[in-house]
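Here are some friendly notes to read beside the model. Please keep the sequence and the 3D view open as you go.

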Amino acid sequence: MSRLILSLVFLISTMLAAHAKPVRYMLESTKSSVGFVYHFNGNPTKGTMPVAKADLTIDFAALHKSTVQISLNVRKARAGFIFATEALREKSVLDVANHPHILFSSTKVSRTNTGARVVGMVTIRGVTKPLTLNAVFYRQKGSAPKDLSKLSILLTGSISRAAFGATGYPKLVGDRINLRILARIRQVE
C-alpha cells in the first residue's frame, strides 16, 4: 500500500513539474456541481447552486501563483425540497432579491499532502468573510497520465450561515453548511 501511495505522489509531482506556467481553465458547467449539506430538523439535507461564472488559473509548478474567482447564482439554488428552496431565498436567509450572487475570490493557494488549500474571501448577503477550501485534483477518466488539459477538482469546506447574517429558521436549520464542489475544468487554448 505504501508503494502505491509513493508511486501516486511521484506521478503527481512529475505531472505538476511538467507544467511550469500558469494555465487558464474554464468550467464545464454542465458537468460540474456545487453541492451543500445542511441539517434540517437534525437530518442532513442536500442542496445545489449553479455556477454563474468561474475564472481559474492554475500554475502546477508554483501553486501559490494560482487564482480562483467564482460567482454562484443564488436565484437558481435548490435546497432539497420546494419549501426549503423558497425559505432559502427569503430575506432572513440568502436574501436573493438584494443579493443574487455569492462571490468567492482566492487570496492564497498552497500545496498540501493531498492536493491544495485554497484560501479566499467569500461574499454572501453582502457580507465578506474568509473561507478555506481543501482541493484535490484528478485527471478526468480516459486522460493520458501527463495530460492536464481536462481535470476534476473536488473542493470541500464549511461555513457558518450566521456569520453572514443568514439566520432564518434557526429552530429548523443548523448553522453549519458543508460544501462539496465538484468542478470539471478544461484548459483554455
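The points below go from the whole chain to single pairs of residues.

1. **How to read the model.** This is a predicted model, in which local features need pLDDT of at least 70 and side-chain atom pairs count only at pLDDT 80 or more, while totals for chains, interfaces and linings use all residues. Residues are numbered from 1 along each chain as its sequence is written, and side-chain values use heavy atoms, with hydrogens and water left out.

2. **Confidence.** pLDDT is the predictor's confidence in each residue, on a scale from 0 to 100. For the protein chain the mean pLDDT is 89, and 89% of the residues reach 70 or more. A contact here means heavy atoms within 4.5 Å.

3. **Overall layout.** You can find two helices and ten strands in the protein chain. Helices (H or I, at least four residues) and strands (E, at least two) are DSSP runs, numbered from the N terminus. Along the sequence, their pattern reads α-β-β-β-β-β-α-β-β-β-β-β. Of the contacts between residues at least 6 apart in sequence, 56% join residues at least 24 apart.

4. How much of the protein chain is buried? Buried residues make up 38% of its 189 residues. The word buried means under 20% relative accessible area, exposed means over 50%, and partly exposed lies in between (1.4 Å probe, protein chains only). The accessible surface of the chain comes to about 11,100 Å², and 59% of that belongs to carbon and sulfur atoms. These areas come from the Shrake-Rupley method with a 1.4 Å probe; for residues, only the protein chains shown count as cover.

5. **Aromatic pairs.** Rings of Phe, Tyr and Trp (its six-membered ring) pair if their centres lie within 6.5 Å; planes under 30 degrees apart count as stacked, over 60 as edge-to-face and the rest as tilted. By this rule there are four aromatic pairs. One of them joins Tyr 25 and Phe 60: the ring centres are 6.4 Å apart and the planes stand at 85 degrees, so this pair is edge-to-face. Tyr 25 sits in strand β1 (residues 23-27) and Phe 60 in the loop between β4 (51-58) and β5 (67-73), so the pair ties together parts that are 35 residues apart in sequence. Tyr 25 is buried, at 2% relative accessible area, and Phe 60 is buried, also at 2%.

6. Phe 137 is partly exposed, at 24% relative accessible area. Through these ring pairs, Tyr 25, Phe 60 and Phe 137 form a cluster.

7. The structure holds three salt bridges, each a side-chain nitrogen of Lys or Arg within 4 Å of a carboxyl oxygen of Asp or Glu. Arg 24 and Asp 55 meet in one of them, at 2.8 Å from N to O. Arg 24 belongs to strand β1 and Asp 55 to strand β4, 31 residues apart. Arg 24 is partly exposed, at 45%, and Asp 55 is partly exposed, at 27%. Arg 186 forms a salt bridge with Glu 28, with the closest N and O atoms 3.5 Å apart. Which partner is buried? Glu 28 is buried, at 10%, whereas Arg 186 is partly exposed, at 35%.

8. **Helix α2.** Arg 89 and Glu 86 form a salt bridge, with the closest N and O atoms 3.4 Å apart. These two are three residues apart in helix α2, so about one helical turn separates them. Ile 82 is also found in helix α2 (residues 82-89), and Ile 82 counts as exposed at 55% relative accessibility. Phe 81, Ile 82 and Phe 83 make a nonpolar surface patch of about 340 Å². Patches are made of residues with over 30% relative accessible area and no salt bridge: like charges are joined within 9 Å, and nonpolar side chains (Val, Leu, Ile, Met, Phe, Trp, Tyr) within 5 Å.
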